[in-house]
Amino acid sequence: MNESAGHARRAATVSSVPVILDIQGATVYRGETCVFEQLTFALEERQHTAILGPNGAGKSTILKLLAGEVHPVPNDETSIRLFGEERWNVWDVRKRLGMVSHDLQHHYMEQVSGLKVVLSGFYASIGIYGHQDFTYAQIARATEVLEDVGGGYLKDRRFGEMSTGEQRRCLLARALVHDPAALVLDEPTSGLDLTATFHYLDLVRACMRKGKTVLLVTHHIHEIPPEVGRVVLLKQGRVLHDGAKPAVLSEAHLSLLFDRPVTLVQANGWYQAFPADSSAS
């Protein structure tokens, strides 16, 4: 275990701040591949955090751990707690932890209308089914949240007819319909043009201002809003660095993370990376 992981373990133990997620010593396989060995990571309430890493770093496996789609190897020293519970009901957790992932967007039913996309959040389903009943209060809540994310005009539009950005807004509203304490976002602006990117990040920042804790999983540095104070660098299933954003997002650290010398630029609390020597590319 590296020093930052040990620090995370101690912080989770002694902090009086409510802990949303606490992973201790988890070894995780996907098929025959060991993705994580003794992974330790804790997320406190209001501790906006970005997990940054290249493809293959293990980011998607963390999402699947949270969704209960993969599980760590059983071990006496291994534990995963969500909202303080080591054993939890997946349906209850989904009410407290809103998730928007690429898998969800890719597999969502194309014929479902925007409002029904949001309503499906009440059942954590991909689409709406005949046996599902919705109260007037739930319909009103779904309509309100869709309006809040700027998607009121998508109420009757089929999901398959929406742009990528419009789909992402509907799925964000779906994640918010329960008013969860935390949001987990998987590369939220991937595939969006500049205007849609700025609009979506404004929505994420608004969620933070309303008290939602945001965990952002990405390989895009420009997606990390100024409000995110903690960054975890993940590479090949190992935490390279974990700490305050100004200390972690350095040219040396990012060059090591992505195996390419980079130049880092900051503006208005945002970061972006460029090739260190463009003439050499």
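How do the residues of the lining of the largest pocket divide into nonpolar, polar and charged? Keep that in mind; the tour ends there. The model is predicted.

**Stop 1: the sheet**

Select strands E5, E6, E7, E3, E8 and E9. In that order, these six strands form an open sheet with mixed pairing. Now go to the edges. Strand E5 (97-100) and strand E9 (238-244) each have a single partner strand, so one side of each has no neighbour in the sheet. On average, neighbouring strands are turned by 15° against each other, direction ignored.

**Stop 2: E3 and E7**

Select residues 49-52, strand E3, and residues 213-218, strand E7. The two pair in the parallel sense, over four bridges. Pick Thr 49 and look across: Leu 215 in E7 stands opposite.

**Stop 3**

Pick Arg 230; its bridge partner in E9 is Ala 244.

**Stop 4: an aromatic pair**

The model has two aromatic pairs. Select one of them, Tyr 108 and Phe 159. The pair is tilted: the rings are 5.0 Å apart centre to centre, with 50° between the planes.

Which parts of the chain does this pair link? Tyr 108 lies in the loop between H4 and helix H5 (114-119). Phe 159 lies in the loop between helix H6 (136-148) and H7. These are distant parts of the chain, with the two residues 51 residues apart.

**Stop 5: the largest pocket**

Select Ala 67, Glu 69, Met 99, Ser 101 and Leu 104. Of the 35 residues that line the largest pocket, these lie nearest its centre. The volume of this pocket is about 790 Å³.

Now colour the elements around the pocket. Helix H2 (59-67), helix H3 (90-96), E5, helix H4 (102-107) and helix H7 (164-176) each give two or more residues to the lining. H2 gives the largest share, seven residues.

Finish with the opening question. The lining of the largest pocket divides into 14 nonpolar, 12 polar and nine charged residues.

Technical notes: Residues numbered from 1 in each chain as written. Predicted model: local features only at pLDDT ≥ 70, side-chain atom pairs only at ≥ 80, totals over all residues. Heavy atoms only, no water. Pairing = 2+ DSSP bridges. Axes fitted to C-alpha atoms, helices over the stretch in contact; angles between N-to-C directions. 1 Å grid on protein atoms, 1.4 Å probe; cavity = no way out; pocket = protein on both sides within 12 Å on 5 of 7 lines; lining within 4 Å. Points joined across faces, edges and corners; volume = space filled by probe spheres on them. Nonpolar A, V, L, I, M, F, W, Y, C, P; charged D, E, K, R; others polar. Phe/Tyr/Trp six-rings, centres within 6.5 Å; stacked < 30°, edge-to-face > 60°.
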